[in-house]
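Please look over the protein shown here before reading the briefing below, which covers its fold, its helix packing and its pockets.

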Amino acid sequence: MSRRRCAEKRQILPDPKFNDQLVTRFVNNLMVDGKKSIAFRIFYDALDIVEAKKQDAEKSALEIWKDALTNVMPHVEVRSRRVGGATFQIPMQIRPDRKISMAMKWMILYARRRNEKSMAQKLASEVLAAAREEGAAVKKRMDTHKMAEANKAFSHFRF
């Protein structure tokens, strides 16, 4: 632990189209090599594709994206802890801001691994799949929860 004061959290500006800070946070994770305008274009194009492909008439593309993000969010994770020469995987609750960032990173990671033509199409497909509780990002969350459930016996080692 550092003896100096903690770094203050920077204020994230809301995005220009939806005026939402969560969108900007997602775009910052999506961004490669500091190309933020390209990342915004990819995200907005993906939401346009979601708007065209959606089955739910009363929900907007942004609401579908937020539902998908909620479906990908993990609630528990396992952390390694060394106790008496052995390393245990200990299940722990996740802080709310970490839940969101993990969900975003997983969604982008598995969107990049998809087999569509453009990144916007890949992201749109992953968002639609996650909104229906399918897809690789949701499977990652399920695997994380299963791992925590399997190691529940070691939860008394919590620090």
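Axes are lines fitted to C-alpha atoms, for helices over the stretch in contact, and angles run from 0 to 180 degrees between N-to-C directions. This is a predicted model, in which local features need pLDDT of at least 70 and side-chain atom pairs count only at pLDDT 80 or more, while totals for chains, interfaces and linings use all residues. Residues are numbered from 1 along each chain as its sequence is written, and side-chain values use heavy atoms, with hydrogens and water left out.

**Overall fold**
- The protein has 6 helices and 2 strands, where helices (H or I, at least four residues) and strands (E, at least two) are DSSP runs numbered from the N terminus.
- Read from the N terminus, the order of the elements is α-α-α-β-β-α-α-α.
- Taken along the principal axes, the C-alpha atoms fill a box of roughly 55 × 40 × 30 Å.

**Helix 4 with helix 5**
- Helix 4 and helix 5 (residues 119–131) cross at roughly 125°, and their axes come within 8 Å.
- The two helices, helix 4 and helix 5, are therefore oblique to each other, given that angles under 35 degrees count as roughly parallel, over 145 as roughly antiparallel, 65 to 115 as roughly perpendicular and the rest as oblique.
- Contact (heavy atoms within 4.5 Å) joins Met107, Ile108, Tyr110, Ala111 and Arg112 of helix 4 to Met119, Lys122, Leu123, Glu126, Val127 and Ala130 of helix 5.
- The residues in this contact of helix 4 with helix 5 comprise 8 nonpolar, no polar and 3 charged, with Ala, Val, Leu, Ile, Met, Phe, Trp, Tyr, Cys and Pro counted as nonpolar, Asp, Glu, Lys and Arg as charged, and the others, Gly among them, as polar.

**Helix 1 with helix 4**
- Helix 1 (residues 21–30) packs against helix 4 (residues 96–112) at an angle of about 50°, with the axes 10 Å apart, which makes helix 1 oblique to helix 4.
- On the helix 1 side the contact includes Leu22, Arg25 and Phe26, and on the helix 4 side the residues include Asp97, Ile100 and Met104.
- By class, the contact of helix 1 with helix 4 has 7 nonpolar, 2 polar and 4 charged residues.

**Largest pocket**
- The residues lining the largest pocket are Lys9, Arg10, Gln11, Ile12, Gln21, Arg25 and Asp97; a pocket here is an open set of points on a 1 Å grid over the protein atoms alone, where a 1.4 Å probe fits, with protein on both sides within 12 Å along at least five of seven lines, and lining residues have an atom within 4 Å of a point.
- This lining of the largest pocket divides into 1 nonpolar, 2 polar and 4 charged residues.
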